[in-house]
Structure formats: structure tokens, C-alpha cells
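Student: I'd like to learn how to read a sheet and the helices around it. Could we work through an example together?

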Amino acid sequence: MRIKTVIFDLDGTLIDSSEGIVEAFNYALRQFNLPEQPHEIITPLIGFPLDSMFLELTGKSMPEMKSAFRTKAMETVVNSSRSLRGVNEVVESLFNSGYKMGIATTKIRAHIDGILAKLEWEEFFEAVIGGNEVSQVKPHPEQFESLLAKMKSNCASTVVVGDTINDILAARQLGITEIAVRSPYGNSIKVQQLKPHFFMEDISELPDILSELNLRDK
């Protein structure tokens, strides 16, 4: 079946908001008299649920920690967000080629909307779903299932593009074609070990991969 729909992860795939995330995490750690962590320790965890991130960094996760992070993140995440190299061109090209595009991310909806507005991407994405809009985030497939329903798409005509194991594992549970991209946050080894259908060194490879998939369908 011809590929018609592309579901993207956000952070590490389309954008980099790591400066704002690191600032918010260290703010939360300071509130509990915990040592701050350097950028290179926090960034490989981006894209995972907040509970997992705090457990990895501190050995514990409390609602108060997450609340402190979210308070600061409202100031820092959207402001720090920038598109990754080549992404603007790829997103515009796919939109002009008629692909339906969606976003599934652990970010909350307020951050997603702010980022899309800042980058002037609202018209490109037919549907988005944040981590606060589902009961279970990736690697559970709920976000992808919800997006497919909203976009009136099916698994066979869809690809998922992401930079973490959570994107690949969620897609795999639904039988969706998996396209991984090397993460700017340095967590790609585990992704490659999963042997996704495609692994890109750069997002600029995506249009050619989609063309290849659609040629196979002829």
C-alpha cells in the first residue's frame, strides 16, 4: 500500500529544545537540594517520560519534582526550541507532495502548540498529540493509534519517524514501518540495535526513503 501518512516524534527528530529542558530539570533538582546534572547526562534521556528521566537521574521520582520541572519548562522549552538542520525543507517538501503529517511526543500540548506557532509549522501538521493527552505514552502505541484515528489513516500506509527506542517499539507493536534518525542527543546505539526498517544519518534522507517505499508498491 502506498505511504500517505508520516508520524513524527518531535524532540531530537524535528527540533532541539534541549537547552530549555536541561534548565528546567536543573531547576527542579535545585528545589530538592539535589546536585545539578550536565547537559550531556540529561539530553540522552529526552523523549522518555518524566518519571523515567527523574528515576534515571536521581533514583526517585516524585510528583513535586515533575511539578517543579513543568513550572520552569513553561518559561524555557518553547523559547529554546529550534528546528534541526534540514527539517524545514523536508517538512515543507512532504507537505507540498501531499503527505499527511502528524506529531506524537511526550511534550505537553501547550508546549507543542507554542513550538508549532514559533516555527510557523501549524499548517503542515494535520494532527498532533502530546503526552498529557493519553493514558500511556510511547513505547505504548496509544499515541500512534489516536493519531491514525484522527488522520483517518491506517498502519499499512503510514511510517513513523523518530530518534529513540520508544518511537521504534511503539511503531513495531502496530506493524508500522519504522524510520529512525540519528539523534542529536547521542542515544542512537540502542535504536540501531533494534534494527528498524530504515536508519537515517540525516532527516534529508526521508523523501528518498518514502519514494523508495512507494516504488516498491507499484
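This is a predicted model: local features need pLDDT of at least 70, side-chain atom pairs count only at pLDDT 80 or more; totals for chains, interfaces and linings use all residues.

Student: How many bridges join strand 7 to strand 8?

Tutor: In general, strands of a sheet pair through backbone hydrogen bonds, in a parallel or an antiparallel way. Here strand 7 (residues 177-181) and strand 8 run parallel, joined by three bridges.

Student: In what order do the strands of the sheet lie?

Tutor: The order is 5-4-1-6-7-8, an open sheet of six strands with parallel pairing. Strand 5 (127-129) and strand 8 (198-200) are the edge strands, each pairing on one side only. From one strand to the next, the twist averages 20 degrees.

Student: Which strands does helix 10 touch?

Tutor: Helix 10 (residues 206-216) packs on the sheet and touches strand 1 (5-8), strand 6 (158-162), strand 7 and strand 8. The direction of helix 10 makes about 160 degrees with that of strand 8.

Student: Now for helix 7: which of its residues are buried?

Tutor: An α-helix has 3.6 residues a turn, so residues three or four places apart point the same way. In helix 7 (residues 142-151), the buried ones are Gln 143, Phe 144, Leu 147, Leu 148 and Met 151. Because these cover an arc of only 135 degrees around the axis, they lie on the same side of helix 7.

Student: What do the buried residues of helix 7 pack against?

Tutor: Their partners are strand 1, strand 4 (100-104), strand 5, strand 6 and helix 8 (165-174). After helix 7 comes Lys 152, with a positive phi near 55 degrees.

Note on methods
Residues are numbered from 1 along each chain as its sequence is written. Side-chain values use heavy atoms; hydrogens and water are left out. Two strands pair if DSSP finds at least two bridges between them. Helices (H or I, at least four residues) and strands (E, at least two) are DSSP runs, numbered from the N terminus. Axes are lines fitted to C-alpha atoms, for helices over the stretch in contact, and angles run from 0 to 180 degrees between N-to-C directions. Contact means heavy atoms within 4.5 Å. Buried means under 20% relative accessible area, exposed over 50%, partly exposed in between (1.4 Å probe, protein chains only). The arc is that of the directions from the helix axis to the C-beta atoms.
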